[in-house]
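Please look through the structure shown below before reading on.

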Amino acid sequence: MRRRLVLLLAGAGLLALAVEAVRAVGALPGAGEVPHPYGSRAVAAAFDHATANAVMSVTLDQRGFDTLGEELILLAAAVGTVLLLRRLTAEAEADTPHSYGPEDVFEAVRLIGYLLLPVTLLVGGYIVVHGHLTPGGGFQGGTVLASGLFLAYLAADYRALDRLRPPGLFDTAEGLGAFAYVAIGVSGLLSGSGFLADWLPHGTLGHPLSAGTVPLLNVAIGVEVGAAFVLVVAKFLDQALLVPQDVPEEG
Amino acid sequence: MLSWLPYAVAGWIFLVGAYGLATSRHLVHTVVCLNVVQSSTYLLLLALGWTRDGTAPIFADIGRKRAVADPVVQAMTLTDIVVGAAVTALLLALTIQVAKRRGNLDPHRLRSLEQESEE
């Protein structure tokens, strides 16, 4: 009964939404023919600050304050996830045998995991520090870095992963990354330009040392995002592997 | 020609995801459906920023006069993706807690937080 009511309500709502969406699309200019007043101004501003990657210029320079909020959302979500998935004392005391992860993985997968681990970390670092020149940046590179670490889990097992991430290191990195972003913002205040202003010398467009504070902010974000992903995925792995599964099937 | 197609695809993805949300019988499936709904906004934003004959707004190796896609909406899409990842992580963590406490992940059999689910 309840399910039917939900379906009925959802169907009516989606139908109305679809009708309105068709009307709205009809009134929109066709894709590719839209003028981009903000886009062209953003590109001009990116050239003013010698940032080759205009998207990063928007994210970290022109809208740096919004990205601070975004970064703090990520921090809050990571903290919330770690808190929600902490091991309760009752679960920690239950000393049942548990698995340490992939035992029946193909040898080829293991080999590729070992080979790709350093490559992935290198690519992740490259994406972070070249964020102001080429596609990428702290968010993208941080995710690549974190996934590189989990190749160790695929290639070996949970204990190898544990050795790669000493307790406390990633907690600290997570906090330090978020702190560094704010600190770089405050440095703009101290320099007399304003919070999160791109006050460092801009250099020449396309040069590795260009774009002022943008590469520094990218590194801060890369550290924060990488640490956040490592922490969150590690908590999910903890739940899957270490916490005994005595959940009753039916409620 | 077919200049409305990206918008139509975005709308379609939104509707498919919303249908999945309404008919979901497993909370993990619900979270994935929410991701599908959200990915329609990525497509809508990127379609709005697309410029005919434009290239990526990366000026390391192209001239300033070159037509490029709108970097503002691309930066918004980046924000969208990051927030989506954060929301997904939190929702999946909550899902694990629901599974532990209630042993049941069918949203239709979960009532209030403390009340036992009915058979």
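A residue is called buried if 20 or more other C-beta atoms lie within 10 Å of its own, exposed if 12 or fewer do, and partly exposed in between, with the C-beta atoms placed from the backbone. By that rule B:Asp53 is exposed, because it has 7 other C-beta atoms within 10 Å. This structure is a predicted model, in which local features need pLDDT of at least 70 and side-chain atom pairs count only at pLDDT 80 or more, while totals for chains, interfaces and linings use all residues. Residues are numbered from 1 along each chain as its sequence is written, and chains are lettered from A and ligands numbered from 1 in the order in which they are written.

Consider the make-up of chain A. Helices and strands are DSSP runs numbered from the N terminus: a helix is H or I with at least four residues, a strand is E with at least two. Chain A has ten helices and zero strands, so that its pattern along the sequence reads α-α-α-α-α-α-α-α-α-α. Of the 251 residues in chain A, 36% are buried. Two residues are in contact if their C-beta atoms, placed from the backbone, lie within 7 Å. Among the contacts in chain A between residues at least 6 apart in sequence, 73% join residues at least 24 apart.

The interior comes next. In soluble globular proteins, nonpolar side chains tend to be buried together. A nonpolar core is a set of buried Ala, Val, Leu, Ile, Met, Phe, Trp, Tyr and Cys residues joined through C-beta atoms within 7 Å. The largest such core has 73 residues, and those with the most contacts inside it are A:Leu74, A:Ala228, A:Val230 and A:Leu231. Its largest share, 14 residues, comes from α10(A). That helix is mostly covered, with 21 of its 28 residues buried. Leaving out residues up to four places away in sequence, A:Val230 touches A:Ala146, A:Leu149, A:Arg165 and A:Phe170.

How do the helices of chain A pack? Axes are lines fitted to C-alpha atoms, for helices over the stretch in contact, and angles run from 0 to 180 degrees between N-to-C directions. Angles under 35 degrees count as roughly parallel, over 145 as roughly antiparallel, 65 to 115 as roughly perpendicular and the rest as oblique. Helix α2 (residues 37-48) and helix α3 (residues 54-62) of chain A pack at about 80°, with their axes 9 Å apart, and are therefore roughly perpendicular to each other. In this contact, A:Ala42, A:Val43, A:Ala45 and A:Ala46 of α2(A) meet A:Ala54, A:Ser57, A:Val58 and A:Gln62 of α3(A). Ala, Val, Leu, Ile, Met, Phe, Trp, Tyr, Cys and Pro count as nonpolar, Asp, Glu, Lys and Arg as charged, and the others, Gly among them, as polar. By class, the contact has six nonpolar, two polar and no charged residues.

The axes of α3(A) and α10(A) come within 10 Å and cross at roughly 85°, which makes α3(A) roughly perpendicular to α10(A). A:Met56, A:Ser57, A:Leu60 and A:Asp61 of α3(A) make this contact with A:Val214, A:Leu217 and A:Asn218 of α10(A).

Two residues of chain A deserve a separate look. A:Gln62, in helix α3, counts as buried because it has 23 C-beta neighbours inside 10 Å. A:Gln62 and A:Leu196 are 134 residues apart in sequence and 9.1 Å apart in space, C-alpha to C-alpha. A:Leu196 lies in the loop between α9 (169-190) and α10 of chain A and has a positive phi of about 60° although it is not a glycine.

Finally, the two chains meet: 49 residues of chain A are in contact with 49 residues of chain B. On the side of chain A that touches chain B, α1(A) supplies the largest share, nine residues. By class, that side has 30 nonpolar, twelve polar and seven charged residues. In chain B, B:Asp53 lies in the loop between α2 (27-49) and α3, with a positive phi of about 65° although it is not a glycine.
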